[in-house]
Amino acid sequence: MVPLSYYLVLSVIMFTLGVIGVLVRRNALVIFMCLELMFNAANLAFIAFALFYQNLNGQVFVFFVMTVAAAEVAVGLALMVAIFRTKGNIDVDQVSTLKG
Amino acid sequence: MNPGILFFLVLAIIAIAAAVAMLFSRNAVYSALFLVVNFSTIAVIYLTLGAPFIALVQITVYAGAIMVLFLFVIMLLGAERLSAREPLTWQRPLAILLGVAMLGEVVYVFLFRAGLNVPLSIPTPTFGSPTEIGLDLFNRYLLPFEVTSVLLLVAMVGAIILTRVEKIKRPGGQATRDEATREQAMKDQAIKDQAIRDQVTRQ
């Protein structure tokens, strides 16, 4: 069967792509999608370790991570709609009113 | 190379390609659809890892509900065309460089150092089945489960409050512009309805 480290490497590659996306892209929606990608990478590591240790706690934790991600997306997208109403676009560079 | 590793490599390449395409596509709708591809591929990997319940939750909740929410907001805001002008200049290569450096370090540790290079066992048919997850979820993790439901409720209320159109009356009792236009629209609609009704009765 496939070694555990392969799954972890895939997880790390996806996490890094998410981090690069958050750092590089300026559109708030794309930044949100990159956050989802990072959640997904962490979930993959959880599932791989759950099989490695023959323990279901990892899978239950992934379930909770998915729930929290759903809540986060709902609130985040609502914030984005609110920002779009006041600013007219959702570039994160435009949201700089609090900058000193 | 055994078929298990081959299967994993094909899935991994699809997942990474979809993630890269999501990162660099210029249209937010394409980004969302590439992310759906990535989520579905990861769900198949979950199936091979003995997590059928989580795999199906991934498809229904992530690739289904959450991404539909994303697409809905993208199309609602009309933000699918992303600006070609990126104000970042020197930060972008630096970010990619640092990201690749992190990737290299962690891959080195995982592959050559941490002793994680052991093959995974083949999961038993009952491992990760809905029955087992349910038993765990409703016995050992009952309190977190309930707290999660409160969290979802709070998120729902928060989303409704954040997107609500403020109805602020001016001190003079004058309605705000939003409200005035809405009232005007309702009046227009009532006039139209009346006209249609007149026509029907005349016939």
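## How chains A and B pack together

In this predicted model, the contact between the two chains takes 73 residues from chain B and 56 residues from chain A, where two residues are in contact if their C-beta atoms, placed from the backbone, lie within 7 Å. On the side of chain B that touches chain A, at least two residues each are supplied by H1, H2, helix H3 (52-77), helix H4 (91-113), helix H5 (130-139) and helix H6 (142-163) of chain B; the largest share, 11 residues, comes from H3(B). Helices here are DSSP runs (H or I, at least four residues), numbered from the N terminus. The residues of this side of chain B divide into 57 nonpolar, 12 polar and 4 charged, with Ala, Val, Leu, Ile, Met, Phe, Trp, Tyr, Cys and Pro counted as nonpolar, Asp, Glu, Lys and Arg as charged, and the others, Gly among them, as polar.

Because this is a predicted model, local features need pLDDT of at least 70 and side-chain atom pairs count only at pLDDT 80 or more, while totals for chains, interfaces and linings use all residues. Residues are numbered from 1 along each chain as its sequence is written, and chains are lettered from A and ligands numbered from 1 in the order in which they are written.

| Helix pair | Axis distance | Angle |
|---|---|---|
| H1(A) and H1(B) | within 10 Å | roughly 5° |
| H2(A) and H3(B) | within 12 Å | roughly 175° |
| H2(A) and H3(A) | 9 Å | about 175° |

Helix H1 (residues 4-24) of chain A and helix H1 (residues 3-24) of chain B cross at roughly 5°, and they are therefore roughly parallel to each other, a label given to angles under 35 degrees, whereas angles over 145 count as roughly antiparallel. The contact of these two helices is made by residues including A:Tyr6, A:Leu10 and A:Ile13 of H1(A), and B:Phe8, B:Ala12 and B:Ala15 of H1(B). By class, the residues of this contact are 13 nonpolar, 1 polar and no charged.

H2(A) and H3(B) cross at roughly 175° and are therefore roughly antiparallel to each other. Here A:Leu29, A:Met33 and A:Ile47 in H2(A) meet B:Ile54, B:Phe70, B:Val73 and B:Ile74 in H3(B), and this contact has 7 nonpolar, no polar and no charged residues.

Within chain A, helix H2 (residues 28-52) packs with helix H3 (residues 57-87) at an angle of about 175°, which makes H2(A) roughly antiparallel to H3(A). Among the residues that meet are A:Leu29, A:Phe32 and A:Ile47 in H2(A), and A:Phe61, A:Val62 and A:Met80 in H3(A). The contact of H2(A) with H3(A) has 14 nonpolar, 4 polar and 1 charged residues.

The lengths of two helices can also be checked, since the expected span of a helix is 1.5 Å times one less than its number of residues. The 31 residues of H3(A) should span 45 Å, and its end C-alpha atoms are 44 Å apart, which agrees; H3(A) is followed by A:Gly88, whose phi is positive, near 90°. For H4(B), 23 residues should span 33 Å, and its end C-alpha atoms are 32 Å apart, which agrees.

The model scores ipTM 0.91 and pTM 0.82. The mean pLDDT (the predictor's confidence in each residue, from 0 to 100) of chain B is 84. Confidence in chain B is highest in helix H2 (residues 28-48), at a mean of 94, and lowest in helix H7 (residues 177-202), at 73.

Key
Axes are lines fitted to C-alpha atoms, for helices over the stretch in contact, and angles run from 0 to 180 degrees between N-to-C directions. Angles under 35 degrees count as roughly parallel, over 145 as roughly antiparallel, 65 to 115 as roughly perpendicular and the rest as oblique.
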